[in-house]
Amino acid sequence: MNYIKAFAPATVANVACGFDIFGFAIQEPGDVVEVRRIDKPGIVIKEITGDDGRLPRAAEKNAVTVVMLHLLKHLGITDLGCEVTLHKNMPLGSGMGSSAASAVAGVVAINELLGNPLTRGELLRFAMEGERIASGSAHADNVGPSLLGGFVVIRSYTPLDIFSIPVPDDLYCTLVHPDIEINTKDARYILRNEVSLKNTIAQMGNVAGLVAGLMKADYDLISRSMVDVIIEPVRSILIPEFNEVKKAAINNGALGCSISGSGPSIFALSRGMENARKAGEAMKQTFADAGIDSTLHLSGINQGGATVLERE
Ligand SMILES: Nc1ncnc2c1ncn2[C@@H]1O[C@H](COP(=O)(O)OP(=O)(O)OP(=O)(O)O)[C@@H](O)[C@H]1O
Ligand SMILES: N[C@@H](CCO)C(=O)O
């Protein structure tokens, strides 16, 4: 194989109560990566589109290529030469798993170019290295679902223990990205290290409730469990109009609404596409009323994760 083109979708991490342990992928948007063999050994970034020249061009600094370097090192491959093109189809610092989509598309593309020496599950820890470069933290709740699809639970980081759970067919995601930027690194820095016993108990109840609600297709239980008493109260101060946008979603048919990843995007889950659309329009209008432009995405839960689009 000499050429691979791969796609990896945007993701919603945390899903209200599951900081660093829950995430799911949506259908669109997503990053596209092209990898082509060249004679000279080494990984080079040939071109990046859609980033306004803001992303690092050095292979060891960009999430899309860092993952490739880690994978080649693990496999002991020193003579491979590749030119990489990244099509950046989502904003940076968006809370949509932007760095994760690049990392996942990159690792899937290089693995395919090499004839798939590793399984999807085995690629996860390499994709996490892309997150380490982007935000200083190798969390898996964006790369996990972008790579594997479905609603992903990370039961443990040491050792890594990750699995998917079924979700109701009629569950839809609304994702609204206001035109502002928040770096994951900053949004993690402001979090407190200690959590009260009272909040831990409340959060554990909601985590258990959300898993059970999704697996049993119990929409009332999903709705009651989409509550984050630990992270959202701290981070929401970084997002203008957060409380109003959340209220607009809930008042217009959403089951629940919270910050997507580390923000500023805000997501809602709804029963049926029509409710998702109604909630999304109300959320977007609330931002517009405050003079903030935003972009609306509507999607079912992406069950397949990253895909290979072309091979030569
Ligand atoms: N290929 C890449 N795509 C996006 N960001 C990258 C990439 N490579 C390195 N970065 C760096 O990662 C930082 C953005 O990552 P960050 O995690 O803050 O955003 P995000 O992925 O949109 O957020 P979130 O993880 O909350 O969804 C920027 O500083 C950017 O320069
Ligand atoms: N779980 C991570 C996701 C970042 O998208 C965080 O909230 O910092």
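1. With 13 C-beta neighbours inside 10 Å, asparagine 116 counts as partly exposed. On the scale used here, a residue is buried if 20 or more other C-beta atoms lie within 10 Å of its own, exposed if 12 or fewer, and partly exposed in between, with C-beta atoms placed from the backbone. Asparagine 116 is not a glycine, yet has a positive phi of about 55°. The residue sits in the loop between α2 and α3. Helices (H or I, at least four residues) and strands (E, at least two) are DSSP runs numbered from the N terminus.

2. On the source: this is a predicted model, in which local features need pLDDT of at least 70 and side-chain atom pairs count only at pLDDT 80 or more, while totals for chains, interfaces and linings use all residues. Residues are numbered from 1 along each chain as its sequence is written, and chains are lettered from A and ligands numbered from 1 in the order in which they are written.

3. Just after α2, glycine 115 also takes a positive phi, of about 85°. Helix α2 itself covers residues 98-113. At 1.5 Å a residue, its 16 residues should span 22 Å, and the end C-alpha atoms are 23 Å apart, which agrees. The expected span is 1.5 Å times one less than the number of residues. Of the 16 residues, 15 are buried, so α2 is largely enclosed by the rest of the structure.

4. Which residues have the most contacts inside the largest nonpolar core? They are Val104, Ala105, Val107 and Ala127, in a core of 91 residues. Helix α2 gives the most to this core, with 10 residues. Domain 1 (3-165 + 302-311) and domain 2 (171-300) both give residues to the core, so it lies between them. A nonpolar core is here a set of buried Ala, Val, Leu, Ile, Met, Phe, Trp, Tyr and Cys residues joined through C-beta atoms within 7 Å. The domain bounds come from an automatic or database domain assignment.

5. Ligand 1 is surrounded by 23 residues, and Ser98, Ser102, Ala134, Thr184 and Gly261 are the closest. A residue is taken as near a molecule or strand if its C-beta atom, placed from the backbone, lies within 6 Å of it. Helix α2 supplies the largest share of this shell, four residues. Helices α1 (63-75), α2 and α3 (120-135) each supply at least two. By type, the shell around ligand 1 has nine nonpolar residues, 14 polar and no charged. In this count Ala, Val, Leu, Ile, Met, Phe, Trp, Tyr, Cys and Pro are nonpolar, Asp, Glu, Lys and Arg are charged, and the others, Gly among them, are polar. Both domains give residues to the shell around ligand 1, so ligand 1 lies between them.

6. Ligand 2 has 14 residues around it, of which Ala13, Asp20, His139, Gly261 and Ser262 come nearest. Helix α5 (residues 184-189) gives the largest share of this shell, three residues. The shell divides into three nonpolar, eight polar and three charged residues. Domain 1 and domain 2 both contribute to the shell around ligand 2, so ligand 2 lies between them.

7. The bond from glutamate 28 to proline 29 is cis, with omega near 0°, and proline 29 is found in strand β2 (residues 22-37). A cis bond also joins glycine 263 and proline 264, with omega about 5°. Proline 264 lies in the loop between β8 (256-259) and β9 (266-271).

8. Valine 15 has a positive phi of about 50° although it is not a glycine. Is valine 15 buried or exposed? Valine 15 is buried, with 30 other C-beta atoms within 10 Å. The residue lies in the loop between β1 (3-13) and β2.

9. Valine 234 is in helix α8 (residues 232-235) and is partly exposed, with 13 other C-beta atoms within 10 Å. Valine 234 and leucine 191 are 43 residues apart in sequence and 6.8 Å apart in space, C-alpha to C-alpha.

10. In the model, residues 64-150 are 57% helix and 8% strand, with the end C-alpha atoms 22 Å apart. Residues 213-288 are 54% helix and 13% strand, with the end C-alpha atoms 33 Å apart.
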